[in-house]
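Colleague: Could we go through this model together, one question at a time, with the cut-offs stated as we go?

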Amino acid sequence: GCLGNLSSGDDDSPPPDPDEFKYETRNIGTSPGTSSSMKFDSVGGIDIFTSAETAVEELPFDDSSWPERDAAETFIEETAFDREFLIYVISTWPRYNHTELEFQDIQVSGPDVTGTVRAIGDDPEEGDATPRSPAGLIRGSVAGNWPETIEFTIVDGQDNQETVFFDWDEA
């Protein structure tokens, strides 16, 4: 889409509130796996995607069996990377029936974004011994800026939890 002139003087809308954190979330299934620059702890990890190209490189778009592939692609395409970013989150030690992430308490405090993600789900195939690693994307914007740090508590299906810290300067 055409973004037009973002600093146009003829726009009557108020300037964005610098403390307002707008975000959207999307579960992208149990297939994606870890990314090359992911900050990782025993129960999962987080990464930052600052461009559509990076997101497409890091996620398994070449895997035609990935059921959420189209939804993930649309979510990435709808991201305005000139003023938005994507946080990629994965839980790697869920119960077999956990196929999604629940996003909780996502907020911004100054230049930092914090939140909690929890592996959830009720897949009836729990006993099939196929470990699930649910993954999700969070599209965010802090008044059109990117945060300095991102810190998420990841809770796996066994109620183990770890806090994973991502410094924006390392992205």
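Colleague: In which sense do S4 and S7 pair, and over how many bridges?

Modeller: This is a predicted model, in which local features need pLDDT of at least 70 and side-chain atom pairs count only at pLDDT 80 or more, while totals for chains, interfaces and linings use all residues. Residues are numbered from 1 along each chain as its sequence is written, and side-chain values use heavy atoms, with hydrogens and water left out. Strands (E, at least two residues) and helices (H or I, at least four) are DSSP runs numbered from the N terminus, and two strands count as paired if DSSP finds at least two bridges between them. Ile 90 stands opposite Ala 135 in S7, and the pairing of S4 and S7 is antiparallel, over six bridges.

Colleague: Which residue of S4 is the bridge partner of Phe 49?

Modeller: Strand S3, residues 44-49, pairs with S4 in the antiparallel sense, over six bridges. Within S4, the partner of Phe 49 is Leu 86.

Colleague: How many residues of strand S4 are buried?

Modeller: Buried here means under 20% relative accessible area, exposed means over 50%, and partly exposed lies in between, with a 1.4 Å probe and protein chains only. In a regular strand, side chains alternate between the two faces of the sheet. In S4 both faces are covered, with Phe 85, Ile 87, Val 89 and Ser 91 buried on one side and Leu 86, Tyr 88 and Ile 90 buried on the other. For strand S4, residues 85-91, the count of buried residues is therefore seven of seven.

Colleague: What is the distance between the closest N and O atoms in the salt bridge of Arg 118 with Asp 159?

Modeller: Arg 118 belongs to strand S6 (residues 112-120) and Asp 159 to the loop between S8 and S9, 41 residues apart, and the pair thus links distant parts of the chain. Arg 118 is partly exposed, with a relative accessible area of 27%, while Asp 159 is exposed at 56%. The closest N and O atoms of the two are apart by 3.3 Å.

Colleague: Which side chain of opposite charge is nearest to the buried Asp 156?

Modeller: Asp 156 lies in the loop between strand S8 (149-155) and strand S9 (161-167), and a polar atom of its side chain lies 2.8 Å from the backbone nitrogen of Asn 160. Lys and Arg count as positive and Asp and Glu as negative, with His and the chain ends not counted. Asp 156 is buried yet has no salt bridge, and the nearest side chain of opposite charge, 7.6 Å away, is that of Arg 118.

Colleague: What phi does Asp 105 have?

Modeller: Most residues other than glycine have a negative phi. Asp 105 is placed in strand S5, residues 100-109, and counts as exposed at 57% relative accessibility. Although Asp 105 is not a glycine, its phi is positive, at about 50 degrees.

Colleague: Over which residues does pLDDT stay under 50?

Modeller: pLDDT is the predictor's confidence in each residue, from 0 to 100; the mean for the chain is 81, and 78% of the residues reach 70 or more. Where pLDDT is low, the predicted coordinates should not be read in detail. Contact means heavy atoms within 4.5 Å, and the model has four contacts beyond four places in sequence for the stretch where pLDDT stays under 50, residues 1-11.

How values were computed. Salt bridge = Lys/Arg side-chain N within 4 Å of Asp/Glu carboxyl O. Polar contact = N/O pair within 3.5 Å; in protein donor to acceptor, adjacent residues only side chain to side chain.
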